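Keep the sequence at hand.

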Amino acid sequence: MVLSGRTGGTTHREVQVLASLPRELALIGGLAVLCRVGVPHRTTVDLDVVTRGLATQDRALRRLATTVTDPSRYTFDDGVDLDVIEVAPQSAEEVEQAFAATGGPTDLELSVVAHTWAHDHATVLDVIAVDDSTGKPLAEAPGRLVATTVGLVAMKVVVVPLRAGLRSEKRASDLYDLGRLLSTGRLRSVDLDRLPPGLRSATVQRLVEWFVDPAGRDRTYRAVRRFDDPVLDLDELSDAVEAITPE
């Protein structure tokens, strides 16, 4: 995946840091969205990854980082922050079944399921940053695990309700990312069918609520209108969601 940016800019620095990280880390967050939708897209400000067995990777990460503010957040000398989320040791399906046995899953538990599934189904990409004016290669991170489009959609669908009333700007950016993933990520109904049943049901329900139902679309429009490059076409998004959620 070739990403354009400026020399010394955010994309350049993030790909440089990504290239130095242990290969077990799977990329999620803004840079992963950028890889799946291409450019243009909103600027990312840090790296987000998921992993299993952080304790075995922490020593290598501490050697690379300039500061460690908590056991899962690392800062590098070029100003890039790395947030690491550790996923469950079991499969996403097993985790969801365990939560269901105790009356769940709740929104927070769905987030655990989604992050675990996204980690376990990430695919390998060569991530390359090039200068947007000259096309000159700036940095390359070959063979990196990157969350799939459906994995990113599932994670963002379950975190949006967790943002309510706390971080409105993050909720807005998550909805914008969802819109871009749905409009350009070539998501299919069969991709949703691969999710654990509870996570799939929540994903379908919320996509319809936010992008198809009139009241929900109005709220989504008010949230994402601050992002104007490119502007989301909500009519197009409604059609895209209906095409992958036939029920």
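Helices here are DSSP runs of H or I with at least four residues, numbered from the N terminus.

The model is predicted: local features need pLDDT of at least 70, side-chain atom pairs count only at pLDDT 80 or more, and totals for chains, interfaces and linings use all residues. Residues are numbered from 1 along each chain as its sequence is written, and side-chain values use heavy atoms, with hydrogens and water left out.

Stay with H2, residues 29-37. Nine of its nine residues are buried, so the helix is largely enclosed by the rest of the structure. Buried means under 20% relative accessible area, exposed means over 50%, and partly exposed lies in between (1.4 Å probe, protein chains only). Among the buried residues of H2 are Leu 31, Cys 35 and Arg 36.

Next, a loop. Pro 105 sits between helix H4 (92-101) and helix H5 (107-120). A cis peptide bond joins Pro 105 to Gly 104, with omega about 5°.

Now helix H9, residues 197-211, which holds Ser 201. Ser 201 has a relative accessible area of 43%, so this residue counts as partly exposed. The C-alpha atoms of Ser 201 and Asp 77 are separated by 42 Å, and the two residues are 124 apart along the chain.

Finish with Asp 233, in the loop between helix H10 (214-224) and helix H11 (234-244). Asp 233 is partly exposed, at 39% relative accessible area.

Technical notes
Helices (H or I, at least four residues) and strands (E, at least two) are DSSP runs, numbered from the N terminus.
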